[in-house]
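Here is a short report on one protein model. It moves from the pocket to the cores, and then to single residues.

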Amino acid sequence: MTTLRCLSLAFAFTLLAGCGGESVKPSPPAPAVKVVPPPPPVKIRIGIALGGGAAKGFAHIGVIKMLEANGFKPEVVSGTSAGSVVGAFYASGMDAFQMQQHAVALDEASIRDVTLFNGGLVRGQKLQDYVNRMVGNRAFDKMKKPFAAVSTQLETGQRTVFVNGNIGQAVRASCSIPGVFEPVKIGRFYYVDGGVVSPVPVDAARQLGADFVIAVDISTRITGKTPENLLGVVNQSITIMGQKLGQQEIARADVVIRPKVNDIGPADFEQRARAILEGEKAALAAMPQIRAKLAQMQQARASAQAAQRAAAAPPPVKCEEPGFLGGLMGKEPECTAAGKR
């Protein structure tokens, strides 16, 4: 018994001697928790695609007015025919109220130059000059918002999206209704109304970088009635030609706004105030849908970004302490990435 007690005391003294001979290293402190700020809200770039429809085009002003009043300011603008006129004004920096003032003051004689030659009743030079004057003679690259005017190349029937050059000339080409306006020569080719191939230029807005496209469709609906004049016949013919292509393209918009302007004739400029009002009403009715679809897109993009961040983040590190005896012997904690051994 005495021998066992002596051995126990000897072992205890040995341990104490080891402690006294070399200090035990303390475990390293836990790393500070890094607070990651929440990611910024997902930015959605809104574009507006303004369709053709002659005098019905005043409705675009009402649509833009309601969008802005509800906090939605499209960052890119595309336009076909009458939509290219309003689109050019908007992209130049005008707000809806300024456009409405110009619409009310518009004298048809300032944009109509009648001719009996060269394949059309209206030359279109006055319209070109008027548009250039209203946008301050800016070129495309000097506009406040990215802008595209859509036209149809007469020789090939191909859709042409103008994004550089002379704004007024591009708008004139986009508005050149076959049989009513002379075709417009730009470079080596002639161009006519964009409504023949792209009545509502949704794809052009996407090309400009829009994530979310609001399309405004003011095209004539076929009612079974015979048009009363030449312009009505031409307008309805263009509608029929572009209907199938237009349906496919407009389906690619996120939201479609359709002002009730079908009974406004292509030359009924005296109904501009009513067209603007119908645009306001249609846009206001579409607000719940716009908000809901924007929220869905923002949520989807936020989820995708969170998944990307999680995949790119380094795996968490798991550390195992050495235990009592390991600590006495100076062992460091063993750390490995989670999921690895």
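Ala, Val, Leu, Ile, Met, Phe, Trp, Tyr, Cys and Pro count as nonpolar, Asp, Glu, Lys and Arg as charged, and the others, Gly among them, as polar. By that scheme, the lining of the largest pocket has 26 nonpolar residues, three polar and two charged.

The model is predicted: local features need pLDDT of at least 70, side-chain atom pairs count only at pLDDT 80 or more, and totals for chains, interfaces and linings use all residues. Residues are numbered from 1 along each chain as its sequence is written, and side-chain values use heavy atoms, without hydrogens or water.

**The pocket**

A pocket is an open set of points on a 1 Å grid over the protein atoms alone, where a 1.4 Å probe fits, with protein on both sides within 12 Å along at least five of seven lines. Lining residues have an atom within 4 Å of a point. A volume is the space filled by probe spheres set on the points, which are joined across faces, edges and corners.

The largest pocket holds about 680 Å³ of space. It is lined by 31 residues, and Ala54, Ala55, Ile111, Phe181 and Phe269 are the closest to its centre. Helices (H or I, at least four residues) and strands (E, at least two) are DSSP runs, numbered from the N terminus. Helices H3 (82-91), H4 (96-105), H5 (125-134) and H8 (230-250) each supply at least two lining residues of this pocket. H3 gives the largest share, four residues.

**The cores**

Buried means under 20% relative accessible area, exposed over 50%, and partly exposed in between (1.4 Å probe, protein chains only). A nonpolar core is a set of buried Ala, Val, Leu, Ile, Met, Phe, Trp, Tyr and Cys residues joined through side-chain atoms within 4.5 Å.

The largest nonpolar core has 68 residues. Phe89, Val131, Phe147, Ile167, Ile257 and Ile290 have the most contacts inside it. Helix H9 (residues 272-312) provides the largest share of this core, nine residues. A second, separate core has 14 residues, including Ala49, Ala148, Leu208 and Ala215.

Contact means heavy atoms within 4.5 Å. Leaving aside neighbours within four places in sequence, Ile290 is in contact with Leu67, Phe72, Phe212, Ile214, Val255 and Ile257.

**Helix H3 and positive phi**

H3 is largely enclosed by the rest of the structure, because ten of its ten residues are buried. Phe89 and Tyr90 are among them. Just after H3, Gly93 takes a positive phi of about 120°.

Most residues other than glycine have a negative phi.

| Residue | Phi | Place |

Ala54 counts as partly exposed because its relative accessibility is 22%. Ser81 is buried, with a relative accessible area of 7%.

Ser174 is in helix H6 (residues 167-175). Its relative accessible area is 0%, so Ser174 is buried. What does Ser174 touch, not counting residues up to four places away in sequence? Its partners are Gly79, Thr80, Ser81, Ser84, Ala149, Val150, Ser151, Asp193 and Gly194.

Ala96 is in helix H4. At 0% relative accessibility, Ala96 is buried too. Beyond four places in sequence, Ala96 is in contact with Ile61, Ile64, Lys65 and Glu68. Ala96 and Met66 are 30 residues apart along the chain, and 8.7 Å separates their C-alpha atoms.
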